[in-house]
Amino acid sequence: MTWPVLLGALLCTLHLGSGSLDSEGSVPLAPLNCPHKCICAADLLSCAGLGLQDAPAALPAAAADIDLSHNALQRLRPGWLTPLSQLRALSLGHNQLEALGRGVFTNASGLRQLDLSSNSLRALGRHDLHGLGALETLLLFNNRLAHLDRLAFQGLGALRWLYLGCNELASFSFDSLHGLSVTHLRTLDLSSNRLGRVPVPDLAALPAFLKNGLYLHNNPLPCDCRLYHLLQRWHQRGLSAVSDFAREYTCLAFRVPTSRVRFFAHSRVFENCSAALARGLEQPEEQLQVQVGGPLRLDCNTSAPARHIAWVSPQRELLVAPGSRNGSIAVLANGSLAIGSVQTWHEGVFVCLATGPRLQHNQTHEFNVSVHYPHPAPEAFNTGYTTLLGCVVGLVLVLLYLFAPPCPGCRRCYRRACCCRRRPRTPSPLQQLSAQSSVLSATPPDAPSRKASVHKHVVFLEPGRRGLNGRVQLAVAEDFDLYNPVGLRFKVGSESTSSTGSEGLVMS
């Protein structure tokens, strides 16, 4: 009986000792299927900067965000993401990928963000991005892309941000957008490529919210008059893609790489461009004035029946039936947009998107809604009241004029005015002169046979205070009027200092 008891005690001691060692001295085991040297934390997997040439074969099934950037990956196996049903973000930037291939993203239907930037991709085929129906952000900048299949982005119905900058693209299909759906797309970056020909009508047909996010700067664009007027209008409207990079929009003046000039800095290149060329390129926005609290209804009128109609609000929210998230905007069954009570945040550009078998996917209509507060109504002008008031005032003024005695101050002013009128006028110096003078006539006035020189009048004056030696010489014309002395001229002087006689004043 003693040996079984001792053997049991020894086994219990060994079991307890091994448990204490595991809990204190052993290293925790890595999560299931975590690749070697990678870091796994909850639903995150980071294998960045490890120099990997191939993607890990086994990946944690719970991974939602995988980072394989800054490695040396050259290819991706078809179906390598099959077990990752919860994957939302995948970073493959800064690798050496030259091609993708069919089936690379099979069963990655939940992927929202894909980073393929800074690789060596040269082309995108029709099926390279197949299976990414929920993708919202696609980063393809800083590659060597020179060719895009016409339907390279088909199936990416939820894509909102597409970055293709810093590549070698010489053309881009703006009419079909290579299979993209314009309903959700907000940013299309084509900057720093080799775009030498841009179809201006296709650019003008894009909806306003996509023009705001269409980046075309730092491309060898042609110095085309219609393109200049279109970009100038976008710049004046304040579209951020143009206004934020205005200095980087260039064009080739002489179709050689060294003849680049800035679009908005050297307007002399476009001096001979007529503004009439830009007319009709863009449909004018319909301007609407609405009061706060009033109703608003917008109808999306199309040239042909539309199968689907969607709206984009000024806040860049996609509006489909039944309406906005906050319930203030409703989309009716016929595609019209209705707002029961307009508020200030409803101000801006509403864009209608109509799609159908007979319509192009980019057929849009824009409505610029301005919201203002109601002005208080002015009081009605009562003509009868004002007429009666004018009659009363006039009657009172007449009675005051007839019966009210003048004030004492008015009496004094009246008497002073009378005294001034009664006071005799002071004679002028000429009148005094005429009173003191004696007029001598050599011949009677009824002797017409005498010469005109005989009709002279001599006036003798008393010596005045002015003049030299008390003598004043007066020269008077023959038809001189004493009571209207206009032509009177005084001549003061002394003929000689030794004269003994008095010099007269001669009137001729």
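## Strand pairing

Two strands pair if DSSP finds at least two bridges between them. In this predicted model, strand β13, residues 250–252, is joined to β14 by 3 bridges. The two strands run antiparallel. One of the residues involved is Cys-251, whose bridge partner in β14 is Val-261.

Strands of a sheet pair through backbone hydrogen bonds, either parallel or antiparallel.

Phe-254 sits in the loop between β13 and β14. Is Phe-254 buried or exposed? Its relative accessibility is 68%. Exposed means over 50% relative accessible area, so Phe-254 counts as exposed.

Phe-254 can also be placed against Cys-223. The two residues are 31 residues apart along the chain. Their C-alpha atoms are separated by 8.5 Å.

## Two residues with positive phi

Ser-118 is not a glycine, yet it has a positive phi of about 55 degrees. Its place is the loop between β5 (113–115) and β6 (123–124). Ser-118 has a relative accessible area of 12%. The cut-off for buried is under 20%, so Ser-118 is buried.

Asn-142 is not a glycine either, and its phi is positive, at about 60 degrees. This residue lies in the loop between β7 (137–139) and β8 (147–148).

## A cis peptide bond

Which two residues does a cis peptide bond join? They are Ala-321 and Pro-322. Omega for this bond is about 10 degrees. Pro-322 is found in the loop between β18 (318–319) and β19 (330–331).

## Confidence along the chain

The chain has a mean pLDDT of 75. Of its residues, 67% reach 70 or more.

Over residues 437–472, pLDDT stays under 50. For this stretch the model has 46 contacts beyond four places in sequence.

Technical notes
Residues numbered from 1 in each chain as written. Predicted model: local features only at pLDDT ≥ 70, side-chain atom pairs only at ≥ 80, totals over all residues. Heavy atoms only, no water. pLDDT = per-residue confidence, 0-100. Contact = heavy atoms within 4.5 Å. Helix = DSSP H or I, 4+ residues; strand = E, 2+ residues; numbered from the N terminus. Buried < 20%, exposed > 50% of the residue type's maximum accessible area, 1.4 Å probe, protein only.
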